[in-house]
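Subject: Structure handover

Hello,

Here is the structure for your files, followed by notes on what was found in it.

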Amino acid sequence: MGIRGGIDLGGTKIQAVVVGDGADVLGSSRMPTPTSGGPPDVAAAMAAAMRDAAEEAGAGTGDLEGVGVGSPGVVADEDGTVAAARNLPDWEAAFPLRDALASHLDTKVRLGNDVQVATDAEFELGAGRDYSSILGVFWGTGVGGGIVLDGKPWLGRSAAGEIGHVVVRMGGRRCPCGRRGCMEAYAGRLALERRARELLEKGQSTKLFEIMEERGRDRLTSGVWARALKAEDAVAEKLIHQAVKALGAGIASSENLLDVEAVVIGGGMGIRLGEPYVKKIRDAMTPHLFVESNPPVVHVATLGDLGGAIGASLLVKR
Ligand SMILES: [Zn+2]
């Protein structure tokens with residue numbers, strides 16, 4: 001039986017897994033993404049995480065059929081490079097990640113887009129497995145999207161799935177991408193934190209930043225938002241309400257275009273806030289659905305935090 005490796009390369013953490021046939025995780029390891037150095041340091045940390053995961057699975061990395069990587073930025077699997085991974089240290093120019101990792105790991109390496117591989121994992125093994133066409137929506141620091149149509153990933157010319165930058169309000173709030181009115185400007189965690197700070201400076205009272213400090217965090221994580229909502233913090237409730245409205249409009253508009261059977265909502269915020277908020281998103285979609293009588297099913301992602309890494313391991317089979 002073959003075993004495969006998968007690595008989810010994120011801005012804050014590197015998650016590595018070893019997967020057997022199917023979704024059974026035989027070993028896993030997580031480490032923080034280096035915040036200094038450059039791509040070679042990140043590649044070394046990825047290799048170290050992969051070695052730890054392999055060790056937990058009772059194997060060496062050379063025993064793996066291969067290792068797949070889900071990466072942010074512009075991923076060119078044929079060239080083996082990743083460029084413009086802007087949430088990673090000093091990673092603008094194309095870096096030969098495939099060869100750098102292969103030399104550390106002594107096995108073949110495949111590269112894919114982080115959001116697309118997470119969507120592929122939900123499609124093959126998770127909440128999307130009963131459908132032939134799905135839209136994956138990853139609600140986290142930003143809002144990413146992945147598309148599977150008739151069983152095949154739809155990558156467009158390489159940049160498909162950028163659902164976070166679907167416009168939900170002409171001339172609206174400034175998005176982290178620099179444009180105005182994108183869904184992410186209302187729903188992404190980075191944008192939400194900026195807005196919460198503005199409201200705090202304007203004198204609105206909120207427990208968000210106290211909770212952040214109590215939890216020993218330096219930013220408003222999904223867990224901080226979840227705790228503030230539980231404490232009925234008015235600013236958190238207002239901003240998450242706006243986020244849900246924006247997600248509803250953006251996802252419904254995308255559904256009007258694609259007419260997929262199912263929408264799978266993952267990402268740090270999606271998984272942490274879970275079904276009660278997915279229900280709110282479903283309700284927020286309804287007024288915008290052109291064929292209101294036949295809405296798509298909307299599920300929470302079932303592979304959780306490991307979905308990206310498990311999805312990356314699927315690249316080895318292709
Ligand atoms: Zn944008």
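Arg-197 is partly exposed, with a relative accessible area of 33%. Throughout these notes, buried means under 20% relative accessible area, exposed means over 50%, and partly exposed is in between (1.4 Å probe, protein chains only). The side chain of Arg-197 meets that of Glu-193 in a salt bridge, at 2.9 Å from N to O. A salt bridge here is a side-chain nitrogen of Lys or Arg within 4 Å of a carboxyl oxygen of Asp or Glu. Glu-193 counts as buried, at 12% relative accessibility. Both residues sit in helix α5 (residues 189-201), and because they are 4 residues apart there, about one helical turn separates them. Helices (H or I, at least four residues) and strands (E, at least two) are DSSP runs, numbered from the N terminus.

Before going further, please note the basis of the model. It is a predicted model, in which local features need pLDDT of at least 70 and side-chain atom pairs count only at pLDDT 80 or more, while totals for chains, interfaces and linings use all residues. Residues are numbered from 1 along each chain as its sequence is written, and side-chain values use heavy atoms, with hydrogens and water left out.

Other salt bridges

The structure holds 7 salt bridges. One of them joins Arg-30 to Asp-305, with the closest N and O atoms 3.4 Å apart. This pair links distant parts of the chain: Arg-30 is in strand β3 (residues 25-32), and Asp-305 is in the loop between β12 and α10 (307-314), 275 residues apart. Arg-30 counts as partly exposed at 44% relative accessibility, and Asp-305 is partly exposed with a relative accessible area of 47%.

Arg-110 forms a salt bridge with Asp-77, where the closest N and O atoms are 2.8 Å apart. Arg-110 lies in strand β7 (residues 109-113) and Asp-77 in the loop between β5 (74-76) and β6, so this pair ties together parts that are 33 residues apart in sequence. The relative accessible area of Arg-110 is 25%, which makes it partly exposed.

The open sheet

In what order do the 5 strands of the open sheet run? The order is β10-β9-β8-β11-β12, and the pairing is mixed. Two strands are taken to pair if DSSP finds at least two bridges between them. At the edges stand β10 (152-153) and β12 (297-300); each has a single partner strand, so one side of each is left without a neighbour in the sheet.

Strand β8 (residues 134-139) runs parallel to β11, and 5 bridges join the two. Ile-134 has Ala-262 as its bridge partner in β11. Strand β11 (residues 262-266) is in turn joined to β12 by 4 bridges, again in parallel. There, Val-263 has Val-298 in β12 as its bridge partner.

Is β11 enclosed or open to the outside? It is largely enclosed by the rest of the structure, because 5 of its 5 residues are buried. In a regular strand the side chains alternate between the two faces of the sheet. In β11, Ala-262, Val-264 and Gly-266 point one way, Val-263 and Ile-265 point the other way, and all are buried.

Positive surface patch

Arg-215, Arg-217, Arg-219, Arg-227, Lys-230 and Arg-272 form a positive surface patch. Patches are made of residues with over 30% relative accessible area and no salt bridge, with like charges joined within 9 Å and nonpolar side chains (Val, Leu, Ile, Met, Phe, Trp, Tyr) within 5 Å. Lys-230 is in helix α7 (residues 222-230) and counts as exposed, at 75% relative accessibility.

Lastly, Ile-3 is in the segment before β1 (4-9) and is buried, with a relative accessible area of 15%. The C-alpha atoms of Ile-3 and Val-19 are separated by 5.7 Å, and the two residues are 16 apart along the chain.

Regards

Note on methods
Areas by Shrake-Rupley, 256 points an atom, 1.4 Å probe, with all protein chains shown as cover. Lys, Arg positive; Asp, Glu negative; His and termini not counted. Charge placed at Lys NZ, Arg CZ, Asp CG, Glu CD.
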